[in-house]
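Subject: Structure handover

Hello,

Here is the structure you asked about. My notes follow below it.

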Amino acid sequence: MRLYSASSEETLRARKLLKDWAGEGYLTKAQYQLLEPETVSELRTTNIFLRLVLFLFTLLIVGAAAGLFFVVFLSRPSEQTAGVFSLIFAAVCYAAAEVAVSQARLYRYGIEEALAVCSVGFLCAGMQIALFSGSPYSAKTDAAQSLVPAAGAVFSLWIWRRFGFSYAFLAAMIFVPFLPGYWTFSHSAQHLIVAGFYATGLAGVAAVRSRHRSDYLEEGYSLVEAMLWLGIYLAANLQLLSLSLLSFNLPVRWWGVTPATSEFARPFYWGTWVLIWCLPPIVLARGFRQKDRFVIAVGAIAATLTIVCNKPYLGWPRHTWDPILLGILLTAVAVFIRRWLAHSPGGIRHGFTAARLSGKDKHWMNVGSNVLGLVSPQSITPEPQTSNPGVHFGGGHSGGGGASSDF
Amino acid sequence: MHETCLPHGPSGTQYQPPLACAAALGCRVSSFCCSDLWLSRTLFIDELGGDQWRSPKAEFSIASSLTHLLGYSYFLSAASLSECTMSNSWAEPVALGSDAGYGHGVPRPGNEGFMTIFARLEQWKQQSKISPEQHAHLAGLSRGEPFSLFLELNVLLYAGVLAFVAGLGWTVSTWSAQLGDLLILTVLSTILAVCFWYCFSRASAWSPAETSAPSPIFDYVLYLGSLIWSLELAYLETRFHVLSGRLDFDLLATAVLFFFLAYRFDNRFVLSLGLSSLAGWFGLTISRWSGPQDAAYRQYAIVYCVLVGVVAAILQRRGLKPHFLGTYLNVVANLLFWALLSGVFNREGYGLWFLALLIACAASLAWGLRRRQFAFVAYASVYGYVGVSSMFLRGISDATAILGYFVVTGVAMLVLLVQIGRRFGRSA
């Protein structure tokens, strides 16, 4: 099913590990030069910047080519015609992506990725235009219209399996919340259906990934499992929708209109409250047990969100000093864990260490410190408070960590 | 020598391999930890990835017919016919199935040559390419033993500091009237004093080279102090008009302090704060960017870029924290391109801006190729394409012409970038 051979991908993984170990000084330069030829893969890869640029230009070309086709050959096409041609474009894009991999041996090269992404986009757009564009709005749910997100989810899953793009799996997950809206108006049922889909996926992934410990598929499955855990948590947390801290308010977009908490039955509401407290420790326990970085990260994110959402869940007022307490808690947890690990023999306790072992960690720290140092002052500067008209604290420009703000 | 060679994280913690392994690693060639490696890591460029090529044996009958529709035929043909730089024909044949008893990654049918990392390590040990100690150490790392929580703990610390300062700012802004100036300033000053006392008392002697932090939380204490300084200064200015309403002095003073702290304590977080403060002083805060028509901001941006770029080059040449150069250049490049593009988008007098954009693109491309930093090649490609496209499409409203332009030039750019990638692959 997968386009790439296991040996090719495993060789690429070995190559990356070798580079990392050499960078950390675990191998000498002479050893690296000796071993590096043994990790040459037939696949063509590139660095992240070229990959991104190639992805962008491929998207541009495909979009422009499709537009040009419609302009030149179909001056005023009917909706059905436009939809059918979109489906043909989807097929062409997918075939081109397959060819780019099977013939040109592209691997995370940007081009084949953009083609695969375009095929999903054209498929959904084509189905929507061809099948449902003329249908009048109905207050009743129309299960047939769920065909579009269902097809999008299934095709995204196929691309994930075929090409191994983790973001294709994420796309499939994003399609899922659009499905239950066509089946039922009950928000509780919608949340349950979405969580059910994710839980089913999680069970499947957990069963499959146990066969891939320490091979090239491990990281991909780890990421997918983490995304599914996060999806289940987001589906379970009813108060997340009302939080304004998510600037993009993504969950609201998934579900459309934000339902009031009173719309949920009390047992369901309090059941989800119990669930959001139970999920983070479960996820963290699984992450630590499996030594899975992504799952641990999701567990930590879920735990933080639970703390943040607890007051709205209970109907308690939020205070301005809540973030201070959260900050102290996070810092204290980090310092405690670090010290706890550091004070053990060799700095290792139960197989965990706080020390840096990989050059990738430093790389991400450098990237993070550069980027976050520039953007964080802007993001943490609060909005002006209307509750206290005597004091104005606004602006907060990026410069100087809000030093340009005025009160 | 080893200590100076090993890269350090911001917190300075570094895993020490077991003693036996450390002894085995003693034969490392010191030149491996050369400045190129340092530069490559500090500039967060994945240039080592390069562009890996081989010459596939594929036939292109189906490929060309399918891809021709999208204009890819040239690209794919060129790619397939390209010379390889990383052919595996000279690689040693690898044995199948030697999993070294780890039980991981069983080879699957149809995957000849499949070999897990454990099998490779075992083979390398048997061939005496790595020592038994290295084998044990690297196999352990591959199994996640030990498992490093370095990144997670750093993210947790960062999030903690950010949440704390955000809450403090929110509280001060909401309750300043009730709390009173004295209490607020006392609290802020106390936190500030403690942070800076901690940093100055714990810091090691200054060095112009990259240095590690004396403790894991050091960088975050410094970051907290810097943010608190900004908060307190803004509060003082707003309540007491210390600088007589001249917020630009406030920003300049903040920028100077941040640059001092960044260089004193070797901290990129604070360096980024300093750069953004300086940009703010130049009138270049993001939220006040009022659009491409504003010539004043454009001029400020260019002056800022020239100033920061020149100073960064001088500092790097003099060996003062040369690893900061990447941070400077990435900020400068992006700002400069934005500024020049805004000039190109002008309805009148855009010729000089377009010329300047082309020069900047050429410089960025040359720098990226010379230093193998593909970020700058990417900047030149994207910003240059946008600028050139805006010039070519100026006044054209025909949809066919516009779409045709994007198809043709897009394919041309794709081919060009792949060719550049090939050269990178060859020289990398």
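Helix 9 of chain A is mostly covered, with 15 of its 19 residues buried. The helix takes in residues 218-236 and reaches 27 Å from its first C-alpha to its last, close to the 27 Å expected at 1.5 Å a residue. Please keep in mind that this is a predicted model.

For chain A as a whole, the secondary structure comes to 14 helices and two strands. Of its 407 residues, 56% are buried. Counting contacts between residues at least 6 apart in sequence, 65% join residues at least 24 apart. The chain exposes about 16900 Å², and 68% of that comes from carbon and sulfur atoms.

Salt bridges

There are 18 salt bridges over all chains. One of them joins Lys129(B) to Glu38(A), with the closest N and O atoms 2.3 Å apart. This pair crosses between chains: Lys129(B) sits in the loop between helix 6 and helix 7 of chain B, and Glu38(A) in the loop between helix 2 and helix 3 of chain A. Both Lys129(B) and Glu38(A) are buried.

Within chain A, Arg209(A) bridges to Asp292(A) at 2.6 Å between the closest N and O atoms. The two are 83 residues apart, Arg209(A) in helix 8 and Asp292(A) in the loop between helix 11 and helix 12. Each of them is buried. They also belong to a salt-bridge network that links Arg209(A), Glu225(A), Arg286(A) and Asp292(A).

Arg213(A) and Glu218(A) form another salt bridge, 3.1 Å from N to O. Glu218(A) has a relative accessible area of 17%, so it counts as buried, while Arg213(A), at 23%, counts as partly exposed.

Nonpolar cores

The largest nonpolar core has 194 residues, and Ile159(A), Tyr304(B) and Tyr328(B) have the most contacts inside it. Helix 8 of chain B gives the largest share of this core, 13 residues. A second, separate core of 17 residues includes Trp21(A), Ile117(B), Phe118(B) and Leu141(B).

Beyond its neighbours within four places in sequence, Ile159(A) touches several residues, among them Tyr94(A), Val120(A) and Phe165(A).

Nonpolar surface

A nonpolar surface patch of about 610 Å² draws on both chains, including Trp321(A), Ile328(A), Trp175(B) and Val187(B). Helix 13 of chain A and helices 8 and 9 of chain B each supply at least two of the patch residues. Val187(B) lies in helix 9 of chain B and counts as partly exposed because its relative accessibility is 36%.

Regards

Conventions: Residues are numbered from 1 along each chain as its sequence is written. Chains are lettered from A and ligands numbered from 1 in the order in which they are written. This is a predicted model: local features need pLDDT of at least 70, side-chain atom pairs count only at pLDDT 80 or more; totals for chains, interfaces and linings use all residues. Side-chain values use heavy atoms; hydrogens and water are left out. Helices (H or I, at least four residues) and strands (E, at least two) are DSSP runs, numbered from the N terminus. The expected span of a helix is 1.5 Å times one less than its number of residues. Buried means under 20% relative accessible area, exposed over 50%, partly exposed in between (1.4 Å probe, protein chains only). Contact means heavy atoms within 4.5 Å. Accessible areas come from the Shrake-Rupley method with a 1.4 Å probe; for residues, only the protein chains shown count as cover. Patches are made of residues with over 30% relative accessible area and no salt bridge: like charges are joined within 9 Å, nonpolar side chains (Val, Leu, Ile, Met, Phe, Trp, Tyr) within 5 Å. A salt bridge is a side-chain nitrogen of Lys or Arg within 4 Å of a carboxyl oxygen of Asp or Glu. A nonpolar core is a set of buried Ala, Val, Leu, Ile, Met, Phe, Trp, Tyr and Cys residues joined through side-chain atoms within 4.5 Å.
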